[in-house]
Amino acid sequence: MNREQAEKEAALQRLTARKKLIGMLGLCIKAGKTIVGAELVCNAVRAASPGKTPHTVFLASDTGANTKKRVSNCCRYYEVPCRTLQLDGTALGEALGKTGYITALGITDRGMAEAIVARDEALGQTSPQTEARRMSDHL
């Protein structure tokens, strides 16, 4: 396989992984298992009410430093996992069917949260930086 074919295949894998992640986020919003927005997510984490507490909190990749610190500190204190997605705020908003920029998202269903983590990790494994490292290892 030549380099051009490898690049096309890697781009296709990234696109497929991104579509799967976006599809899972859309499914979560349709199921009503999401809390959208940094302030609402922090309030839900603090409230700790059954069925409404996020099992995992996700941040957009380009979330500001203050927001990231505020949400991650809240999650750390209440022992809720907090991860940064491979999507920026605009793409996250589009995936959720919202207009505008989304910084934080809480998923209240454990299975859906685990599925999003798995799809995000798959997207991270096919990121351009990872591909560049793999290509340099083979050269």
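This is a predicted model: local features need pLDDT of at least 70, side-chain atom pairs count only at pLDDT 80 or more; totals for chains, interfaces and linings use all residues.
Start by selecting Asn43, which you'll find in helix H2 (residues 38-47). Helices here are DSSP runs of H or I with at least four residues, strands are E runs of at least two, and both are numbered from the N terminus. Show the side chain of Asn43 and then that of Arg46: the two make a polar contact at 3.2 Å. (A polar contact is a pair of N or O atoms within 3.5 Å; within protein, one must be able to donate a hydrogen and the other to accept it, and residues adjacent in sequence count only if both atoms are side-chain atoms.)

Is Asn43 buried, partly exposed or exposed? Asn43 counts as partly exposed because its relative accessible area is 38%; buried means under 20%, exposed over 50%, and partly exposed in between, with a 1.4 Å probe and protein chains only.

Residues are numbered from 1 along each chain as its sequence is written, and side-chain values use heavy atoms, leaving out hydrogens and water.

**Zoom out to the whole chain**

Switch to a cartoon view and you can pick out six helices and four strands. Follow the chain along its sequence and the pattern reads α-β-α-β-α-β-α-β-α-α. There are 139 residues in the chain, and 40% of them count as buried. The chain exposes about 8100 Å², with carbon and sulfur atoms supplying 51% of that; these areas come from the Shrake-Rupley method with a 1.4 Å probe, and for residues only the protein chains shown count as cover.

What about contacts, meaning heavy atoms within 4.5 Å? Take the contacts with a separation of 6 or more: 77% of them are between residues 24 or more positions apart.

**The sheet**

Next, colour the strands. In what order do the four strands of the open sheet lie? The order is S1-S4-S2-S3, and the pairing is mixed. Two strands pair if DSSP finds at least two bridges between them. At the edges are strand S1 (34-36) and strand S3 (82-84), each pairing on one side only.

Now go through the pairs:

- S1 and S4 are antiparallel, with three bridges. Select Thr34 and you'll see Ile107 of S4 opposite.
- S2 and S4 are antiparallel too, with four bridges. Here, Thr56 is the residue opposite Ile107 in S4.
- Strand S2 (residues 56-59) and S3 run parallel and are joined by three bridges.

**Thr34, on strand S1**

Go back to Thr34, which sits in strand S1. Thr34 has a relative accessible area of 18%, so it counts as buried. Leaving out residues up to four places away in sequence, Thr34 touches Cys28, Ile29, Leu105, Gly106, Ile107 and Thr108. Thr53 comes up again here: its C-alpha atom is 9.8 Å from that of Thr34, 19 residues apart along the chain.

How many aromatic pairs does a search of the whole structure find? There is one. Select Tyr77 and Tyr78: their rings are edge-to-face, 4.9 Å centre to centre, with 80° between the planes. (Rings of Phe, Tyr and Trp, using its six-membered ring, pair if their centres lie within 6.5 Å; planes under 30 degrees apart are stacked, over 60 edge-to-face, and the rest tilted.) Tyr77 counts as exposed because its relative accessibility is 64%, whereas Tyr78, at 36%, counts as partly exposed.

Now click on Glu79, in the loop between helix H3 (65-77) and S3. Most residues other than glycine have a negative phi. Glu79 is not a glycine, yet its phi is positive, about 60°. With a relative accessible area of 71%, Glu79 is exposed.

**Last stop: Asp120**

Finish in helix H5 (residues 110-125), where you'll find Asp120. Buried or exposed? Asp120 is buried, because its relative accessibility is 2%. Show what Asp120 touches, not counting residues up to four places away in sequence: Leu21, Arg83, Thr84, Leu85 and Gln86.

Technical notes:
Contact means heavy atoms within 4.5 Å.
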